[in-house]
Amino acid sequence: MEASRDRIFPIEDALEMIIMFDGAGKVAYANAAARQKLEYEDDLRGIHISNIFPNTFQETEELTDEKCMTDSGLKNLVAYRKNHTCFPVEARITHGDDAGKNMYICMANDILKKEYLSREVERVREEAQQALKVKSEFVANVTHELRTPVNGILGNIREMLDREWDEQSQKQLHLIERCCDDMNKIINNILDFSKLEAGKFTLEPRKFHFRNMLDYVKGNHINKITEKGLEFFMTVSPRVPEYVIGDELRIVQILNNLLSNAQKFTALGKITVEVLRTAQMDGRTELFFIISDTGIGIDKSDRDKLFQSFSQVDASISRKYGGTGLGLNICKQLVELMGGRIEVESKKNKGSTFSFSIWVETCGEDTDSHPMQDSRKSLYRLDSMEDGGKRAEDVKSFGTQDNKEALKRNLSKLILCVEMENWEKAEMFMETVRQLTEEAPHEVKRVVLRLKMAIQKENYDKVTAEFEQLNHYL
């Protein structure tokens, strides 16, 4: 046995416990780590392996390979110290040979700290989940409580609008109505976000007419888009089914959000929506949506911020255009719930293209599937959108014929809004005028700035004076 110990001497200082025992269960060798962990001051030689692993071995039985080894190799065992206290170990038992004798080698690691840390991680995770649940319930309760008074105000305001009022009072009532609508949108976004974060959001699929849904979306936005002097196009591939089964309300929510952003950030050019069918399998269809604009665009370095919670590209965005920074994050999560993904391509001051895919169930047989034709059509439409972007760029070039016509058109609408004291729309057209004069001489840009400040202050006399001055320069 001394010769045996000489041969295994290099493992004496190994960090893991190493124990050798024969077919009768008698321990022939234990390294320093085993003696220390098991608290045997003297050698373990001669004791039975069942003293160390009583839950695994019995002193009366003859050991076999089937008893000692498993297919996985690793076992979670309980090791007992000399004083009969125990601790968990991860052990591997293999068959060995010592001078022709049938031997087994047990290599074990103390996993007490590992189990303790695992329990701590689990406890922290449960606490975090509980905190998230409490937060989500609090947000849900608060939003419901907020919605009640807001809807109460909104209902009363709409009743008052049916009566006769002077022009100033009518304007104030419409302003309160718009503020209540905006507040409801924010409340709905926060409520949806809290449900998504808590994992309590569920889709409600049902059968609906797809093109009627798109007509509804178009009707929601066409007036606001055309009021800004923008072109608006919506095309649907003939390969898209008439009826589908999906969550119509949430598809509308995604499209409304993307189109509202496109309208908000686009002053010149056009907005386009295109829907394609890109795949079909097992009664399900992948629909692909493309929403493009010729607006302010996004720097490549800022795109990652778009889909984060409570995030916008920079602080000036929220100050200038409003918003909570939740809309695109909600869109992303809704798209993923429908089995798809959302992407964005954009260039600063050139425009943006948001695209997303979703999976819906089809109603009946729809075998005429040619996704490649849809893809070719998609490429053609994207090329035409690129041309639209170039046209918008030409309009921005101060002094060109397109630029002059656009300035004349927007200034006419601006002064009409001022005459009607619709200062909100006047500001909208003023922003378009500002963009149309970005490349103008310094004296023109200075008058534009003064005109903008006068509109923000709702100073009629100052606006008309600066308007005449700007017309003189133009």
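In the description that follows, a residue is called buried when its relative accessible area is under 20%, exposed when that value is over 50%, and partly exposed in between, with a 1.4 Å probe and protein chains only. The structure is a predicted model, in which local features need pLDDT of at least 70 and side-chain atom pairs count only at pLDDT 80 or more, while totals for chains, interfaces and linings use all residues. Residues are numbered from 1 along each chain as its sequence is written, and side-chain values use heavy atoms, with hydrogens and water left out.

The secondary structure of the protein chain comes to 14 helices and 12 strands, where helices (H or I, at least four residues) and strands (E, at least two) are DSSP runs numbered from the N terminus. Contacts, meaning heavy atoms within 4.5 Å, were considered for residues with a separation of 6 or more, and 63% of these in the protein chain are between residues 24 or more positions apart. The protein chain exposes about 26,600 Å², of which carbon and sulfur atoms supply 51%; accessible areas come from the Shrake-Rupley method with a 1.4 Å probe, and for residues only the protein chains shown count as cover.

Side chains of opposite charge can pair when their charged atoms come close. The structure holds 19 salt bridges, each defined as a side-chain nitrogen of Lys or Arg within 4 Å of a carboxyl oxygen of Asp or Glu. In one of them, E90 pairs with K114, the closest N and O atoms being 4.0 Å apart. This pair links distant parts of the chain, since E90 belongs to strand 4 (residues 86-98) and K114 to helix 4 (residues 112-161), 24 residues apart. E90 counts as partly exposed, at 26% relative accessibility.

A further salt bridge joins K171 and E458, with 3.9 Å between the closest N and O atoms. K171 lies in helix 5 (residues 167-197) and E458 in the loop between helix 13 (442-456) and helix 14 (460-473), so this pair ties together parts that are 287 residues apart in sequence. K171 is partly exposed at 29% relative accessibility, and E458 is likewise partly exposed at 44%.

The side chains of E248 and R206 also meet in a salt bridge, at 2.3 Å from N to O. Because E248 lies in helix 7 (residues 248-264) and R206 in strand 6 (residues 206-209), the pair ties together parts that are 42 residues apart in sequence. E248 counts as buried at 19% relative accessibility, whereas R206 counts as partly exposed at 46%. Helix 7 itself is mostly covered, with 13 of its 17 residues buried. Its end C-alpha atoms are 24 Å apart, which agrees with the 24 Å that its 17 residues should span at 1.5 Å a residue, the expected span being 1.5 Å times one less than the number of residues.

On the surface, F138, V142, L146, M183 and I186 form a nonpolar patch with about 390 Å² of accessible area together. Helix 4 and helix 5 are the elements that give two or more residues to this patch, and the largest share, 3 residues, comes from helix 4. Patches are made of residues with over 30% relative accessible area and no salt bridge, like charges being joined within 9 Å and nonpolar side chains (Val, Leu, Ile, Met, Phe, Trp, Tyr) within 5 Å. I186 is found in helix 5 and is partly exposed, with a relative accessible area of 34%.
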